[in-house]
Amino acid sequence: MATILSIETSCDETATAIVNNRKVLSSIVSSQIDLHQLYGGVVPELASRKHLETINSCLDRALDESGLDWGDIDAIAATSAPGLVGALLVGVTAAKTLSLLYHKPFLGIHHLEGHIYAAYLDQPELQPPFLCLLVSGGHTSMIYVKNCGKYEVLGTTRDDAAGEAFDKVARLLELGYPGGPIIDKLAKKGNPRAFKLPEGKISLPEGGYHPYDSSFSGLKTAVLRLVQKLQTQGEIPVTDIAASFQATVAKALTKRTIKCALDYGLKTITVGGGVAANSGLRQHLLTAAKEYNLQVYFPPLNLCTDNAAMIGCAAAEHFDRGHRSDLDLEVRSRMNIADVMQLYL
Ligand code: KG4
Ligand code: ZN
């Protein structure tokens, strides 16, 4: 049962945490949303500079809130891939420095493995194998979780990620950034059946559709055309559009996830990434899973979007298995989750 101090700085959240195995002892998330909102998306150079300004106070707060001191920490972990290189460098350099200073092992963690581990937090009974639907701002993947460090990607998106689709639709509705939480809130007041929107399917050359891959760019374009048409007719029914869009995404993801779990004989499904917080997806997936006698685990709401507790949870398991990273480990902007074991000696 390892105690890990963990750092996450892959995008626009400076996050630190202290985790004991699957238990969160402290979790600090300093969001940069206000900074990037002005530009409608994350500006990498601004993100790195802000991480640098914030990281030390986030580390102090994580230790303070946990009530622990350095002597209680077994290892130090940081997200090392994938993500914005300058942003990742801040967290990884802080982790390596602390590791040298306090003579603690250092572990680099794959950001998506962190999102997978978010579902483990406070769920002592959850064990692999299971299917993880990973839906974030940058990824939409169906991952077969065989064990710690052993992953197979069974499905992906051919264009926009699920979270990206929420962000783009929110932008075209002029609702602000990030779009997911705003659309989720508005969707609760709208009619999900008001507009019929295309779910997005990937055709196969031999006929039929790819069962686990998704595509959201057609859906986004359909919303754009709908908005342009409605604009000529008067006021835009934003809540109905939000509800119809959200229900379409939720249905598309649910259908593929259930089929994939059944095809692979997996009885358990977990969800990870920012879109795992979406109320429409939660509702659709839980209802469908019940019908097929499948178990679904969602992370706690505050641990769906980027945080360091999920990174610490993944690190605790790697640490227990004896995995350690070299202090020369480099950050990487891209890295397939199937290659995570490359992070360890
Ligand atoms: O996992 P995350 O924090 O960052 C990445 O690793 O990408 O995910 C951020 C994404 C954003 O696109 C945001 O709009 C979306 O997750 N998101 C949501 C909700 N909360 C965050 N999407 C739908 N419904 C939500 N409640
Ligand atoms: Zn993320």
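This is a predicted model: local features need pLDDT of at least 70, side-chain atom pairs count only at pLDDT 80 or more; totals for chains, interfaces and linings use all residues.
Residues are numbered from 1 along each chain as its sequence is written, and side-chain values use heavy atoms, with hydrogens and water left out.

**Exercise 1.** Work out which residues of domain 1 lose the most area to domain 2.

*Solution.* Start with the bounds: domain 1 covers 3–117 + 304–343, and domain 2 covers 128–300. These bounds come from an automatic or database domain assignment.

**Exercise 2.** Describe how domain 1 and domain 2 touch.

*Solution.* First, count contacts (heavy atoms within 4.5 Å): 22 residues of domain 1 meet 23 residues of domain 2. Then try salt bridges, meaning a side-chain nitrogen of Lys or Arg within 4 Å of a carboxyl oxygen of Asp or Glu. Between the two domains, the count is zero. Last, sort the side of domain 1 that touches domain 2 by class: eleven nonpolar, seven polar and four charged residues. In this sorting, Ala, Val, Leu, Ile, Met, Phe, Trp, Tyr, Cys and Pro are nonpolar, Asp, Glu, Lys and Arg are charged, and the others, Gly among them, are polar.

**Exercise 3.** Find the residues that come nearest to ligand 1.

*Solution.* Gather the residues around the ligand (a heavy atom within 4 Å). There are 20, and G137, D167, D184, N278 and D306 come nearest. Now zoom in on two of these. An N or O atom in the side chain of N278 is 2.9 Å from a nitrogen atom of ligand 1. For D306, a backbone N or O atom lies 2.9 Å from an oxygen atom of the ligand.

**Exercise 4.** Explain how far apart E45 and R49 sit along helix 2.

*Solution.* The whole structure has twelve salt bridges. In one of them, the side chains of E45 and R49 meet at 3.3 Å, N to O. Both residues belong to helix 2 (residues 44–66), and because they are four residues apart, about one helical turn separates them. Helices here are DSSP runs (H or I, at least four residues), numbered from the N terminus.

Definitions and conventions. Chains are lettered from A and ligands numbered from 1 in the order in which they are written. Buried area is the accessible area (1.4 Å probe) that two parts lose on being put together, summed over both. A polar contact is a pair of N or O atoms within 3.5 Å; within protein, one must be able to donate a hydrogen and the other to accept it, and residues adjacent in sequence count only if both atoms are side-chain atoms. Helices (H or I, at least four residues) and strands (E, at least two) are DSSP runs, numbered from the N terminus.
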